[in-house]
Every structure is written in structure tokens, then in C-alpha cells.
Protein chains: 2
Amino acid sequence: MAPAYADVEVGTALPTQMFPVTRLTLVRYCGASGDFNPIHWNERFARSVGLPDVIAHGMFTMAEAARVVTDWAGDPGAVKEYSVRFTRPVPVPDDDSGSVIEVAGEVTELLEDRRVKVTLTATYEGQKVLGNAVAIVQLP
Amino acid sequence: MAPAYADVEVGTALPTQMFPVTRLTLVRYCGASGDFNPIHWNERFARSVGLPDVIAHGMFTMAEAARVVTDWAGDPGAVKEYSVRFTRPVPVPDDDSGSVIEVAGEVTELLEDRRVKVTLTATYEGQKVLGNAVAIVQLP
């Protein structure tokens, strides 16, 4: 159930969520996305190009972060714009627990037509992995 | 162009083909097949369960072997039955060349209604990887 525009103000926090990501997640995302770059599934290759480990697809992190907004808004269609910068990779070790991406969100601007700007903060081990992560959301 | 039934006899050989399979092939096949068993993409896991390396999906090998028949028959629809047993795994090392599956075929029986039985022999490094690999093919 989406919050009403009238009940939201600058500073309203969205529920923070944790998103686990394992090697299996990434093998699945390779097929789902069509992006089979070996940096996402081959540790030997990833290290050979200077990465600390296999890393998550940036689009995967972007998509997971969006769930914080869509779960809050109650409807994916309510998200009118969404953009991020990929600022830091999320390394994914070869074990069952993998890595965890924490995503927080906050209303940072009230716009016209009952729209609000939501700014997301996605972190892995306390460091931001997305920059300028902003969604424009239509509220009822 | 399919061979005519009248031109085929027991002992007629199908053109032998070689099928390369790499780790990338298997990550792709995970998504295509929906079979994400880690024995097909995680070397550490594969070895932990007693396999010599990551191994190819049996259905992948089965599918590649079928190409020898469909390429010969000129039409996938000409294959009326197809069955194999998975007798030996195909290990796939972590390099660009991967492994090669060699598939030979031979007409082993003339059947009614212009159908023939084709028996396939799929090998990896000289050892059979499929058992009782048989296709029933409709010829013109």
C-alpha cells in the first residue's frame, strides 16, 4: 500500500532492506540479463583483470536497490524515473553466504503532481556502491 | 538435404562432428536449461563431490550429439525418437579452449515407413560419454 503524498515529507525514510548475492545469483543473472562477461562468474579471469574477486553485475545491484522503492510504493509502475552511477564493485566470494548489499532510501524532495524524489544509499561492507541513486515516484 | 531412404543402408555413416564446450558454454546452458546445479559452473563444489572438474550438463551433450542427426536429416522434425544414457561425465577445464566432444553416427537398422535407426557414438578423449544413443529418423 503506497503512502499518500500528503503523508510524506522530506526526510521520510523507506524501510531499509538487505540483499544477499552469491555466485549462484550471478550465474542466474548472466542468463537473465544476457551479460556473460566472465568477471561475473570466473574468479581467475576477474583477478587477472585486477578485480578483487568475481563482482556483481552493476545492473543487478541497481535492480535490487530499486526493490526498496517499489516495495514502498507498492507498484513498480509508480517509479517514473530511476538512475544510478556504478561507483564501486560488489565482490562476491565463492561461498554459500556470498555478499550482502544494504539499501536505505529517503524522500529528499517533494515535487509537483504528487511526485517525490527518493534518494537511495546502497552499501557493501559500509562503502557506497551506487552513486546518485535517485528515483522519482508517483504517490496517490 | 536429407538422404533418400532408398540410398541408405546399414553401415551408412553420418558426418562426424566435433563440439567444443567451455565454461562459458555451460554458464550459458545453465540459463538456457534452468539447471543451475553448481557441478556445472563451480569447480570447488564439483571437486568437493568427487568430480574431476566442472562437468557438462548431460542434456547439453545429448543435444549437441543430436545435431549430427539433424544436420544429416536436414530437418529436426525428421527425428521421431531420440534417447541416450549418460554414462560418463565430460569435464570442462577453466580455459578458453575447453573440451571437445566428438560425435559419430551410423545407420544401424532399416525400419518400416522409410525410417532408419541411427546409432551415435559420442566420445571425449577417446572415451564414450553417451551409451545407447539412438535416434529414429524419417527419411524421404
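**Close-up views of a predicted model**

**View 1. Strands S4 and S6 of chain B sit side by side.** In this predicted model, strand S4 (residues 115-124) of chain B and S6(B) run antiparallel and are joined by 6 bridges. Here, two strands pair if DSSP finds at least two bridges between them; strands are DSSP runs of E with at least two residues, helices are runs of H or I with at least four, and both are numbered from the N terminus. Look for Leu120(B), which stands opposite Ala133(B) in S6(B).

**View 2. Strand S2 of chain B also pairs with S6(B).** Strand S2 (residues 79-86) and strand S6 (residues 130-138), both of chain B, are antiparallel over 6 bridges. In this pair, Glu81(B) faces Ile136(B).

**View 3. Chain A meets chain B.** Contact (C-beta atoms, placed from the backbone, within 7 Å) links 13 residues of chain A with 13 residues of chain B. Helix H1 (residues 23-33) of chain A gives the most to its side of this meeting, with 7 residues. The copies meet through the same surface, because 100% of the interface residues of chain A are also interface residues in chain B.

**Reading the labels.** Residues are numbered from 1 along each chain as its sequence is written, and chains are lettered from A and ligands numbered from 1 in the order in which they are written. Local features need pLDDT of at least 70, side-chain atom pairs count only at pLDDT 80 or more, and totals for chains, interfaces and linings use all residues.

Terms used
Contact = placed C-beta atoms within 7 Å.
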